[in-house]
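Work through the exercises below with the model open beside you. Try each task before you read its solution.

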Amino acid sequence: MLGILARTMVKAGMVKPSGLVKPVSVTRITGRYLAHQEGLPKLPVPPLKQTCDRYLAALDPIVDPEELNHTRHLLEEFQKPGGVGERLQKGLEQRAKKMENWLSDWWLQTAYLDYRMPVVIHSSPGVVLPRMVFNDRQGQMRYAAKLIAGVLDFKSMIDNETLPVEYLGGKPLCMNQYYQVLSSCRIPGTKRDTVVNYALDKRPPTHITVVHNFQFFVLDVYNSDSTPLTVDQIYLQLEKIWNSSLQSNKEPIGILTSNHRNSWGKAYNNLIKDKTNKESVRAIQKSIFTVCLDAALPRASDDMYRTRAGVQMLHGGGSRWNSGNRWFDKTLQFIIGEDGTCGLIYEHAPAEGPPIVSLIDHVVEYTKKSEMVRTPMVPLRMPQKLRFNITPEIKKDIEEAKQNMNIMVHDLDIKVNVFSHFGKDFPKSQKMSPDAFIQVALQLAYYRIYKRCCPTYESASLRMFRLGRTDTIRSTSVDSARFVKAMDDPAKHNTEKVALLDKAIKAHRAYTDMAIRGQAIDRHLLGLKLQAIEDLAALPEIFMDTSYAVALHFNLSTSQVPAKTDCVMCFGPVVPDGYGVCYNPMDTHINFAVSAFNSCQDTNAARLAQGLEDSLVDMKNLLEQTPKARL
């Protein structure tokens, strides 16, 4: 009922031009979001034996038999009645009874806030939007103004609790992440970070931050009666910002946020000792979101546009280009380049890709609408430029951050491709899951290059549960290994290959279903390990085992992020000798982003991207050339 109500209200509200949306306080229907959240089930703790059995099965294709045997003995020991495993399992079950979600706090800490690598490349995903054509900078400003108005339109649905509830397999999903992405920011610490969210303050923020030529401005986006500024009003304000920041700032203060977290934590404490600096930083942190008006990069050929745009979204191109035109701790930063390169980067701690994509889809649609709102002729205050006092020590920190950023920029190897042979349409015509089809093709591409199977991570949503984040779909299975080894074996007949492909795809589908229902193994094993750290003097041997280290060394870190918009998300690898692979399957094509590190001799993004295209085509040909014998 709730979903239908929310959806009809949204549909009814969306035909109105945004300037006519009533002030937030009037239309706020309190409690609907809360009632929805309370109706969601809690994340289960899977049975211990089930996880141990599935863990062994997942290890089979990626560790050698001797190692597997050793792990089997350790798991038997771990599961003995009255033993360590049982104690830890009981502890987890108790934790699950007491908490809204036994995993979410632990996950936020271990996956994000305790992680000390820079958020740039290593954690924050970028999104490449379709290229815009701006004939002049007025075009850039105009688009930026529409985009800002579109985000505010989406924000009104969050504030009024009229966001349509999402469903997966007929089950309502947790909507909490939508309430975490606006007016929030990560704060660096010298040992661990924190996240602040100002959206729930008594007086929530009413401004955004705009960065141009490394200079930060506060732009108020609401009138005194709480109505959002119109597109025309925002455009005029952006013009003022542009005209008062024509020269590039000598010190790109924002580049500090790209450094190693401990270094940035130390520099941050030093930076905010100064009262002016502290107020400026606080204004950025409190802002609803950030808009980065980027300088044009050197021209690139059309087929290189997406790859270049991927680089621009992930890190800005280095200290000479736009890397200083960011505040990487900010949850949401929209990037609008003078040359029509558009997209965003988001800080990963508060949310996964799907809520971000849902916001993007809304905003992109909004920017296509023609304006119907008459702009009131009210003179608007000049946007406030944020001042920073740069001491010699801060200057030194900026120089260090610049050098480190440029090293990261040189190390990132990325290829963003459009696979145009087919999209979701072909696997669907074969009654196969498009995601499973792509994942098996990726397994085949990797095997063809390296002649081995590797640990593979695909994120699965746990949003069927209250405060759910993600678990891991382990795409490398016994079945996928059998298929990839058979595919290029001339001794095998096509009918056998098709049967093995079918089995591999079904195995992936089954693992996916298991994961979204809270029955995967990775978060459960992590929970048992963290429980052991809290409860025991020593870590159980299964967590000191070579197999565990191998299982967590994800040479392929992958994610499907579907969108209505013809966009693609990109992120860096999670291990030095690995790949990051993200894809958006559209009806008749697939957008891919593949990343690797240049410092690793064995990896090459373009080679894997090409291998993936070849595998997809070969799998399609195999199915089309083989008589339908499948059940």
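**Exercise 1: A buried glutamine**

Gln-37 has a relative accessible area of 5% and is buried (under 20% relative accessible area; exposed is over 50%, partly exposed in between, with a 1.4 Å probe and protein chains only). The model is predicted: local features need pLDDT of at least 70, side-chain atom pairs count only at pLDDT 80 or more, and totals for chains, interfaces and linings use all residues. Residues are numbered from 1 along each chain as its sequence is written, and side-chain values use heavy atoms, with hydrogens and water left out.

Solution. 
- Step 1. Helices (H or I, at least four residues) and strands (E, at least two) are DSSP runs, numbered from the N terminus.
- Step 2. Contact means heavy atoms within 4.5 Å.

**Exercise 2: An annotated histidine**

Task: Which residue does the UniProt annotation "active site" cover, and is His-348 buried or exposed?

Solution. 
- Step 1. Read the record. The unreviewed UniProt entry gives His-348 as "active site". UniProt positions follow the numbering used here, feature names are shortened, and annotations may be inferred rather than shown by experiment.
- Step 2. Locate the residue. His-348 sits in the loop between strand S10 (342-346) and helix H13 (353-368).
- Step 3. Check accessibility. His-348 has 13% relative accessibility, so it counts as buried.
- Step 4. List the contacts. Residues up to four places away in sequence are not counted; His-348 touches Tyr-112, Ser-123, Ser-124, Pro-125 and Arg-469.

**Exercise 3: A helix pair**

Task: Describe how H16 and H18 pack.

Solution. 
- Step 1. Two packed helices are described by the angle and the distance between their axes.
- Step 2. The axes of H16 (residues 434-450) and H18 (residues 494-516) come within 9 Å and cross at roughly 115 degrees. Axes are lines fitted to C-alpha atoms, for helices over the stretch in contact, and angles run from 0 to 180 degrees between N-to-C directions.
- Step 3. H16 contributes Asp-435, Ala-436, Phe-437, Gln-439 and Val-440 to the contact, and H18 contributes Leu-501, Ala-504, Ile-505 and His-508.

**Exercise 4: Cysteines**

Task: How many disulfides are there?

Solution. 
- Step 1. A disulfide is a pair of cysteine sulfur atoms within 2.5 Å. By this rule the count is zero.
- Step 2. The closest cysteine sulfur to that of Cys-567 is in Cys-582, 9.2 Å away, so the pair is too far apart for a bond.
- Step 3. The sulfur of Cys-600 is 12 Å from its closest cysteine sulfur, in Cys-454, which is too far for a bond.
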